[in-house]
Amino acid sequence: MVNAIKGLLISCDIPMAQFIINYNASLPPSQKFILHVLDNTHIFVQPSMGEMIRSKIAEFRDQNTYEKPA
Amino acid sequence: MAGGDEERGRSSKKLKTRFSSSKATQEEYFDDYGNDFDNDTRDGEREIKAREFTNLELKPDHANRPIWACPDGRIFLETFSPFYKQAYDFLIAIAEPVTRPELIHEYNLTPHSLYAAVSAGLETETIISILSKLSKIKLSSEIIDFIHGSTANYGKVKLVLKNNRYFVKSQFPEVLKRLLKDEVISKAQINFEVENVKQRCLPNALNYPMLEEYNVHNDIVNPDLNIALKPEAERRPYQIKSLSKMFSNGRARSGIIVLPCGAGKSLVGVSAACSIKKSCLCLATNAVSVDQWAFQFTLWSTIQKENISRFTSDNKENFRGSAGVVVTTYNMIAFGGKRSEDSEKIIEEIRNREWGLLLMDEVHVVPAHMFRKVISITKSHCKLGLTATLVREDERITDLNFLIGPKLYEANWLDLVKEGFIANVQCAEVWCPMTKEFFAEYLKKENSKKKQALYVMNPNKFRACEFLIRFHEQQRGDKIIVFADNLFALTTYAMKLRKPMIYGATSHNERSRILEAFKSNPDVNTIFLSKVGDNSIDIPEANVIIQISSHAGSRRQEAQRLGRILRAKGKLQDRMAGGKEEYNAFFYSLVSTDTQEMYYSTKRQQFLVDQGYSFKVITSLPPPDSGADLSYHSLDEQIELLSKVLNAGDDMVGLEQLQEDSDDITLIKSKRSAGSMSAFSGANGMVYMEYTTGKNKQGHGSKSKPKDPSKRHTLFKKRFAP
């Protein structure tokens, strides 16, 4: 019999993959969401984490962007 | 991210075209405005309501008039109008520029700018009538009242320097009474604190701004200086214009002249000294600039060698004769500690002399408290500040208004480029992605101090830098300067690429040697500079600047670095649009994506974007097929570099601390540096080893203890048998 796990496939560039892995490492063991790191640009995670990861990345990118004060 | 911003930008453009009148102008305005990273669309919608001017009445011949004068004090100037030149000169005199891209300029009317206008001789009624003549819309009563209110009190109070003392002069006795009643001013009377008096009188306090005018011809007390401009000193139109703002009616006004780097500020300074013809004290930021200013004086003017002297920690000269020029640094004058005797003598003389002109280079550093001492220590009739960048990250630039004087003239960079006086610079930002390993380390919390080192030492950045250097050296034969604030990066890059480098600790001789080789030797085409390269070091022959690391977010620093290459090179025809050398100067800023560097980099570009420069973004450097041609191609090399960065001490990966030019007596004192206990016990990987020097090995040297009984110290004579 095949053992199947349902999950979400994330495909991104190399730095963001590292970011996701780092974020995963910073969570307590009960909340870790990475199921498998496929290669440098693809990661397999738990299906419910999609939105959470997106918002974390958006937050990170906002920190690195400068908006001119109006 | 860039894609997302563009979409938002476009929707805001549609909203903003509710300004009345020709659509063509508006599209062009926002096309130019939107080609950079700034994006205020989020509060744009709210502000649209506040800036709604569609109900303002246009004059019937509005197409002929070049400016929009809005009721909130903002003025927009169309550069494509036939009256652009005259309107520009007028607006620069009465308002402060906010941003000046290619097609439409924005200015702001402030009390300070009107103060500058009035001290230049413009009268209230003249200002209002010219503004109204040039404006497409009828001037609102708010603006007219504002101008009246700001200019009403000018000219009523004068600050006069007579017999080495300051006097407050006024033709209106009630104004004097009011001033004397003020606490700050009456205290200052006792303590001779002129600076406080001047500050109190500014528009934001008592609103009686002081005029400081120096009547050059009527000054018989101070001895004349025999100095005149040489006939071969050809002044360009903008240089003449800026000086005309300073000198008129036989009087010299104090103030600041803002000209881009490489536009010939030294000639303006020397010209001013030649017009005043009295003793001149010239201040520069460091010893190298002192040498350059002294050289500029002898180059452009007829001053005799014995009438000009330099005063630095290496040179303690003084001029002979009753009048002369002294060139020194801010540090030498403002230094508060104990000086050597020679210095003390010269400082006394400087203090006691009444100077005709106080010429200050790079005036944007003056507001810091140390430099303000200079102005309070020296007494001068006229003060001229020269700079290319009137911006500072701390908001102390407004201090200059009362320390030196109002802004007399500011040149438009793009105009000077169009007329061929400064080089046409192509600015580009090269985005270098972080490698997997470097980025993983960057994200880790324990490496927070090393973040800067990590994004600077990014191997992809290194490869991009190497590629650019190779490209420009070999295919264009350009001279390249690479800037790096981070010393660790500077040394690693320079050593790996085998190029000469100059940083704080490089000796004066070696610096001169390297700079000379850079100028004349066709084999030395690239040098690496640290923060020392930021101010005034004159390297006229460079065309390309590559910036690999920089002090977090300083707009001033970015603008100054551009100044290093803004020297017009090549033939004028070639530099015109369409000529073969249309862009002959390049400014690359290498940025590691997804790091804090992106944030700082955008911030720093603000100044240049406001001046009208556009930034290109390059993402495909180096070309993916370059592979092993460039360093750090293999993973092993990259990992080795990474471990080097992580193991470097915390102090090494930080910013360089420069030792300011100070009086020689302080340099003799011992220096303190922070150390760690672990270093002493060998934890820094250092090992102690004892060895004997060659001298003793040969048995030549005598042992330290004399065996001769008669030579023993008296204390020990008794111990040993006689």
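Select helix H1 of chain A and helix H19 of chain B. In H1(A), pick A:Ile14, A:Pro15, A:Met16, A:Gln18, A:Phe19 and A:Asn22; they meet B:Lys436, B:Phe439, B:Ala440 and B:Leu443 in H19(B). Contact means heavy atoms within 4.5 Å. The residues of this contact divide into seven nonpolar, two polar and one charged. Here Ala, Val, Leu, Ile, Met, Phe, Trp, Tyr, Cys and Pro count as nonpolar, Asp, Glu, Lys and Arg as charged, and the others, Gly among them, as polar.

This is a predicted model: local features need pLDDT of at least 70, side-chain atom pairs count only at pLDDT 80 or more, and totals for chains, interfaces and linings use all residues. Residues are numbered from 1 along each chain as its sequence is written, chains are lettered from A and ligands numbered from 1 in the order in which they are written, and side-chain values use heavy atoms, with hydrogens and water left out.

Stay on the helix pair. Axes are lines fitted to C-alpha atoms, for helices over the stretch in contact, and angles run from 0 to 180 degrees between N-to-C directions. The crossing of H1(A) with H19(B) is right-handed, meaning that the near helix is turned clockwise from the far one by less than a right angle. Helices (H or I, at least four residues) and strands (E, at least two) are DSSP runs, numbered from the N terminus.

Next, select strand S3 of chain A, residues 42-45. A:Ile43 and A:Val45 point to one face and are buried. Buried means under 20% relative accessible area, exposed over 50%, partly exposed in between (1.4 Å probe, protein chains only).

Strand S1 (residues 8-11) of chain A runs antiparallel to S3(A), joined by four bridges. Two strands pair if DSSP finds at least two bridges between them. A:Ile10 has A:Ile43 as its bridge partner. Strand S2 (residues 34-39) of chain A also pairs with S3(A) in the antiparallel sense, over four bridges. Find A:His36 opposite A:Phe44. S2(A) and S3(A) form a hairpin with two residues between them.

Switch to chain B. Its secondary structure comes to 31 helices and 24 strands. Of its 722 residues, 52% are buried. Among its contacts between residues at least 6 apart in sequence, 75% join residues at least 24 apart.

Select the open sheet of four strands in chain B, in the order S1-S2-S4-S3, with antiparallel pairing. Strands S1 (67-69) and S3 (96-99) stand at the edges with a single partner strand each, so one side of each is left without a neighbour in the sheet. Neighbouring strands of this sheet are turned by 25 degrees against each other on average, direction ignored. Zoom in on S1(B) and S2 (residues 74-78) of chain B: three bridges join them, antiparallel. B:Ala69 stands opposite B:Ile75.

Two single residues remain. B:Ser271 is in helix H12 (residues 265-276) of chain B. B:Ser271 counts as buried, at 1% relative accessibility. Leaving aside neighbours within four places in sequence, B:Ser271 is in contact with B:Leu229, B:Arg235 and B:Leu243.

Finish at B:Asn521, in the loop between helix H23 (508-520) and strand S21 (526-529) of chain B. At 29% relative accessibility, B:Asn521 counts as partly exposed. With neighbours within four places in sequence left aside, B:Asn521 is in contact with B:Lys479 and B:Glu516.
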